[in-house]
Structure formats: structure tokens, C-alpha cells
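Here are my notes on the model you asked me to look over.

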Amino acid sequence: MYDFAMRKIFFLFTTTSLSCVIFAAMKKLFIFLLFTMLGFAASAQCAMCTKTAMQLGEKPAEGLNSAILYLMIAPFAIVGYIAFRWYKNEKARDNTAF
């Protein structure tokens, strides 16, 4: 098992550029973090919002939390789009290099 893993790592470093290896590792890390974060309950309130929501009651607090999560969608969508375009450009550049 160890020998196979070492040969695989050696193959990666000899057949691809270092940036491709780093990009592959970053992609795996991103996927791991994404699924890790999705596993937690979505609680998007800061300390001040939590205190205000406690004073309002349960139903308005749920609405406030949902609104905060709704407002977070746009920045994450923009960053996701930029990351997707970057990934596609890097993939196209790697395919034309060979």
C-alpha cells in the first residue's frame, strides 16, 4: 500500500506541473470544507443579532436568521462563479499545453 502511494505521488510530480498538483489538493480541501460546513446547522446570527432576536421572540428570530442566510447567497454565488471560471480556464490551459 505504501509503495503504491509513493509511486502515485512520484507519478504526479513527474507528469504534471507543481501548480496542477497544488490545484488538485486545494480542490479536495475545498470539497472537504464544503461538506463539513454543510453538516452544521445554519446559524447566521452575530452576537448583536442574537440578542435582538431573543427579544423579538421565536418566530421573528427564525425570520431574521433566514434573511441573513438569504443575503449570504449572492456573495457566495459570485465567488463560486469566479472559482468555476478560473477552474475552467486552468483546465483549458493544461489541455492546450500538451
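**Notes on the model**

1. Leu 29, Phe 32 and Leu 33 together make a nonpolar surface patch of about 310 Å². Patches are built from residues with over 30% relative accessible area and no salt bridge, joining nonpolar side chains (Val, Leu, Ile, Met, Phe, Trp, Tyr) within 5 Å and like charges within 9 Å. Accessible areas come from the Shrake-Rupley method with a 1.4 Å probe, and for residues only the protein chains shown count as cover. Leu 29 lies in helix H2 and is partly exposed, at 49% relative accessibility; here buried means under 20% relative accessible area, exposed over 50%, and partly exposed in between (1.4 Å probe, protein chains only).

2. A word on the ground rules. This is a predicted model, in which local features need pLDDT of at least 70 and side-chain atom pairs count only at pLDDT 80 or more, while totals for chains, interfaces and linings use all residues. Residues are numbered from 1 along each chain as its sequence is written, and side-chain values use heavy atoms, with hydrogens and water left out.

3. Please keep an eye on confidence. pLDDT is the predictor's confidence in each residue, from 0 to 100; its mean over the chain is 75, and 65% of the residues reach 70 or more. Where pLDDT is low, the predicted coordinates should not be read in detail.

4. The fold reads α-α-α-α along the sequence, with four helices and zero strands. Helices (H or I, at least four residues) and strands (E, at least two) are DSSP runs, numbered from the N terminus. Of the 98 residues, 8% count as buried, and the chain exposes about 8,700 Å², with carbon and sulfur atoms supplying 74% of that area.

5. Helix H3 (residues 47-56) is hardly covered, with one buried residue among its ten. Just after H3, Gly 57 takes a positive phi of about 120°.

6. Which residues form the positive surface patch? They are Lys 27, Lys 28, Arg 85, Lys 88 and Lys 91. Helix H2 (18-39) and H4 each give two or more residues to this patch, and H4 supplies the largest share, three residues. Arg 85 sits in H4 and is partly exposed, with a relative accessible area of 40%. Lys and Arg count as positive and Asp and Glu as negative, leaving out His and the chain ends; the place of a charge is NZ of Lys, CZ of Arg, CG of Asp or CD of Glu.

7. The structure holds one salt bridge, meaning a side-chain nitrogen of Lys or Arg within 4 Å of a carboxyl oxygen of Asp or Glu. Glu 90 pairs with Arg 93, their closest N and O atoms being 3.4 Å apart. These two residues are three apart in helix H4 (residues 58-97), so about one helical turn separates them. Glu 90 is buried, at 18% relative accessible area, whereas Arg 93 is exposed, at 52%.
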